[in-house]
Amino acid sequence: MTIDNLKTPTIALGTWAWGDSGETGNGYFGSQLTQAGLEGVAEKAHAAGFILWDTAFVYGMGRSETVLGEVLKRYARSDYQLSTKFTPQAAGTSDDPVADMLEQSLTRLGTDYIDLYWIHNPADVARWTPHLIPLLESGKVKHVGVSNHNLSEIEFADQILGEAGFRVEAVQNHYSLLYRSSQDAGILHYCRSRGIPFFAYMVLEQGALTGRYSLENPLPRGSNRAETYNGMLPQLKALTDKLASIGQKQGAAAADVATAWAIAKGTTPIIGVTKPNYIDGLVRATSMTLASHEIAELEALADAANVNTRGWWEQEL
Ligand SMILES: NC(=O)c1ccc[n+]([C@@H]2O[C@H](COP(=O)([O-])OP(=O)(O)OC[C@H]3O[C@@H](n4cnc5c(N)ncnc54)[C@H](OP(=O)(O)O)[C@@H]3O)[C@@H](O)[C@H]2O)c1
């Protein structure tokens with residue numbers, strides 16, 4: 001068992017899109033992000049008390065971790081927490097590819113420990129999970145979690161860690177109004193009943209649920225997210241309009257309501273933050289209350305949209 005319990009924030013900050021930094025619209029998100037702009041994001045997040053940053057080596061193949069390390073340099077290490085991942089498909093060929101990937105992440109992030117380290121997907125639970133144990137024992141990794149695992153894979157990973165006195169301390173899956181498979185598969189219930197924090201990723205469906213994007217103003221052309229979502233934007237309009245109208249009553253925007261929905265469902269949303277003013281939205285989301293009839297209306301509209309937003313890297317749970 002790790003010494004201190006994992007302190008779960010209300011909202012975590014996602015940096016997959018930061019993998020596009022330094023590029024001009026050619027990345028996964030088609031975003032144009034500069035280090036100066038991201039410093040502005042970090043400054044507002046720091047001031048508002050959001051401290052947990054989620055990244056992965058594979059986000060821009062090191063770019064996200066590198067720029068995150070750069071922008072966090074100015075803060076004391078104890079003022080923020082880092083969450084990054086081992087991705088089996090990117091493993092090297094040494095004796096311990098997990099330790100190696102961690103070392104490289106530590107270097108890019110400019111630190112000597114990771115608060116929360118994940119196995120990114122269940123490519124081979126029996127093979128990769130045991131590699132977390134020496135990292136926990138050395139203190140280079142404070143807590144561990146699993147991502148994109150189904151219920152039996154979570155239990156298997158927990159059993160492997162349990163044999164060494166550790167456990168799965170967090171679960172991270174795709175969970176949004178449009179994609180509630182972790183709920184249907186009993187993973188949310190499993191986590192709640194064992195006090196394991198469930199981190200929900202892609203709560204905003206990479207921007208498609210914010211109401212900012214439409215046929216007239218599509219997601220950046222040529223990006224992967226445009227390919228996934230632009231074709232379904234007309235079907236999402238009734239839902240994003242509802243998100244906006246619920247938000248309006250509380251001085252909030254559609255994105256804030258989608259985030260508040262994930263909090264109301266007992267999860268910790270990881271929100272991809274690319275602009276400083278998005279942090280204001282997170283602050284609004286944390287102070288917002290959704291009535292149960294509003295939650296039901298949103299979920300009914302989400303079902304009526306009849307879209308499947310399962311990521312290409314995700315399995316059916
Ligand atoms: N474990 C895994 O396999 C996995 C997979 C996916 C994601 N993740 C993690 O989860 C995080 C979140 O997912 P994501 O970044 O892919 O997607 P997301 O959080 O669903 O959406 C992020 C996008 O939404 C827009 N946005 C964010 N806040 C907004 C606001 N307040 N108002 C309007 N628009 C807003 C931004 O788009 P614009 O930049 O276009 O404005 C941003 O790029 C990732 O960054 C990553 O850390 C993990």
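Tutor: Two residues are in contact here if their C-beta atoms, placed from the backbone, lie within 7 Å. Please keep in mind throughout that this is a predicted model.

Student: Leaving aside neighbours within four places in sequence, with which residues is Val-171 in contact?

Tutor: Val-171 is among the residues with the most contacts inside the largest nonpolar core, together with Tyr-117 and Ala-258. Once its neighbours within four places in sequence are left aside, the contacts of Val-171 are Gly-145, Val-146, Ile-154, Ile-187, Cys-191, Ile-196, Phe-198 and Phe-199.

Student: Which element gives the most residues to this core?

Tutor: The largest nonpolar core has 92 residues, and Ala-258 is one of those with the most contacts inside it. The element that gives the most to this core, with 7 residues, is α11.

Student: How many residues of α11 are buried?

Tutor: The buried residues include Ala-254, Ala-258 and Trp-261, as well as Asp-256 and Thr-259. They pack against β7, α10, β8, α12 and α13. The helix α11 is largely enclosed by the rest of the structure, because the buried residues number 9 of the 11.

Student: How are α10 and α11 oriented towards each other?

Tutor: The contact brings Thr-240, Leu-243, Ala-244, Ile-246 and Gly-247 of α10 together with Ala-254, Asp-256, Val-257 and Ala-258 of α11, and its residues divide into 6 nonpolar, 2 polar and 1 charged. The axes lie 7 Å apart at an angle of about 90°. Since angles of 65 to 115 degrees count as such, α10 and α11 are therefore roughly perpendicular.

Student: Which element gives the most residues to the shell around the ligand?

Tutor: Of the 29 residues around the ligand, those that come nearest are Gly-14, Tyr-201, Leu-204, Gly-272 and Gly-281, and the shell divides into 13 nonpolar, 13 polar and 3 charged residues. Both β8 (268-272) and α12 (277-286) supply at least two residues of this shell. The element that gives the most, with 3 residues, is β8.

Key. Residues numbered from 1 in each chain as written. Predicted model: local features only at pLDDT ≥ 70, side-chain atom pairs only at ≥ 80, totals over all residues. Axes fitted to C-alpha atoms, helices over the stretch in contact; angles between N-to-C directions. Helix = DSSP H or I, 4+ residues; strand = E, 2+ residues; numbered from the N terminus. Parallel < 35°, antiparallel > 145°, perpendicular 65-115°, else oblique. Nonpolar A, V, L, I, M, F, W, Y, C, P; charged D, E, K, R; others polar. Near = placed C-beta within 6 Å. Core = buried A, V, L, I, M, F, W, Y, C linked by C-beta atoms within 7 Å. Buried ≥ 20, exposed ≤ 12 C-beta atoms within 10 Å, placed from the backbone.
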